Amino acid sequence: MNALAATNRNFRLASRLLGLDSKLEKSLLIPFREIKVECTIPKDDGTLASYVGFRIQHDNARGPMKGGIRYHPEVDPDEVNALAQLMTWKTAVADIPYGGAKGGIGCNPGDLSKSELERLTRVFTQKIHDLIGIHTDVPAPDMGTNAQTMAWILDEYSKFHGHSPAVVTGKPIDLGGSLGREAATGRGVIYATEALLAEYGKSIEGMTFVIQGFGNVGSWASRLIHEKGGKVVAVSDVTGAIKNPNGIDIPELLKHKEATGILKSFSGADSMDPNEVLVHECDVLIPCALGGVLNRENAADVKAKFIIEAANHPTDPEADEILSKKGVIILPDIYANAGGVTVSYFEWVQNIQGFMWDEEKVNLELKKYMTQSFHNIKNMCQSHDCSLRMGAFTLGVNRVARATILRGWEA
């Protein structure tokens, strides 16, 4: 099941539990606006190349729309639509005053030079500048984009609208980016994990963890688990997988990855089959890579007691059912990886106030939001006698539905 079908399915289940009016349900699903633009740029060799850019603005009942921009060859309207809708529910779960959006350009950023990427980003911004804005739609980095991409968008947007640092988040610190933003998703995952484990009288210390994916989120999560006395017993990324039953020395592994770019040559652990990582013996499994990695083929063999979804949509619905029957507790992506968008919100707030916070304040506020959201989800689980995933979806959908009704959606 693809991300759009799974998101729609979870939304419909949540709206049944909440007893939403069928007309309201339909209205909540339909995106506010879909934008498609043609971006033609001169390549470095003088030839012209054209790329299609998208921005789906899903819902603005609770505030400006918010979501990443990805540069990827397979950016298509369906996927962008699912991710925009997911952002609507995610910002509502985190209780930050945003709606959902998502965008992208169908290109392979690896095939473009830095100056070509800059031209493409600027043309895309020129085409959509009047449809994004501080109080309208606030983009952020995503797959294939980064702080530099945001800096170009900020500069191009400011040519039309004057200096506007709050128009994008995930910017370089020198242009008004927030301290703590780089670690935010990984740190949020850890705060979410702590909140969940505390429910079972456990803490990170002494527990064993498996991390699938060692990019930004996976590496930060590993580092923080190591600092808190947890044992990371297996790690994988696109270059391979490693294990050590006594716990991997994460600071050393990070140095090794920085120096060589590959995991499996690390001397402090043994190489293993990457397909075995998800079913490796551990207390807590944290998928931080791609969607759909837990499916009906491998779900029955998962040995973890807890799964923390740091990636978007890592567990497909069939796997969800198998794992629930086994008694595995799954902390859903819509909440578990909301640390990134929460600190993006803090960045936006700092830009609007023109007042920067120190990193300690950012992390303290993030912990407060993640912990409070967990308790709100648990309350929904008790009210509707449902799983954590449905608890999170009912919480998010209910908040958006309430805001929509209060604003007078039928007028």
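How many bridges join strand 6 to strand 10, and in which direction do the two strands run? Four bridges join strand 6 (residues 208–212) to strand 10, and the two run parallel. Two strands are taken to pair if DSSP finds at least two bridges between them. The model is predicted, and local features need pLDDT of at least 70, side-chain atom pairs count only at pLDDT 80 or more, and totals for chains, interfaces and linings use all residues. Residues are numbered from 1 along each chain as its sequence is written, and side-chain values use heavy atoms, with hydrogens and water left out.

The protein chain contains 13 helices and twelve strands; helices (H or I, at least four residues) and strands (E, at least two) are DSSP runs, numbered from the N terminus. Its radius of gyration is 21 Å, which agrees with the value near 22 Å that a compact globule of 411 residues would have. That radius is taken over C-alpha atoms, and the globule rule is 2.2 Å times the number of residues to the power 0.38. The C-alpha trace spans about 55 × 55 × 40 Å along its principal axes. Of the 411 residues, 59% are buried, where buried means under 20% relative accessible area, exposed over 50%, and partly exposed in between (1.4 Å probe, protein chains only). Among contacts (heavy atoms within 4.5 Å) with a separation of 6 or more, 66% come from residues 24 or more positions apart.

Strand 10 (residues 284–287) directs Val284 and Ile286 one way and Leu285 and Pro287 the other way, and all are buried. In a regular strand the side chains alternate between the two faces of the sheet.

A search of the whole structure finds ten aromatic pairs. The rings of Tyr345 and Trp348 are a tilted pair, because their centres lie 6.2 Å apart and their planes are at 35 degrees. Rings of Phe, Tyr and Trp (its six-membered ring) pair if their centres lie within 6.5 Å; planes under 30 degrees apart count as stacked, over 60 as edge-to-face and the rest as tilted. Both residues belong to helix 11 (residues 339–353), three residues apart, about one turn of the helix. Tyr345 is buried at 14% relative accessibility, and Trp348 is buried at 9%.

Tyr345 also pairs with Tyr369; the ring centres are 6.3 Å apart and the planes at 65 degrees, so this pair is edge-to-face. Since Tyr345 lies in helix 11 and Tyr369 in helix 12 (residues 359–384), the pair ties together parts that are 24 residues apart in sequence. Tyr369 is partly exposed, at 22% relative accessibility. Ring pairs link Tyr98, Tyr345, Phe346, Trp348, Trp357 and Tyr369 into a cluster.

Elsewhere, Arg223 lies over the face of Trp220 at 4.2 Å from the ring centre. A charge sits over a ring if NZ of Lys or CZ of Arg is within 6 Å of the ring centre and within 35 degrees of the ring normal.

Helix 11 also holds Glu347, which is buried with a relative accessible area of 0%. Leaving aside its neighbours within four places in sequence, Glu347 is in contact with Val168, Thr169, Gly170, Lys171, Gly176, Gly177, Ser178 and Arg181.
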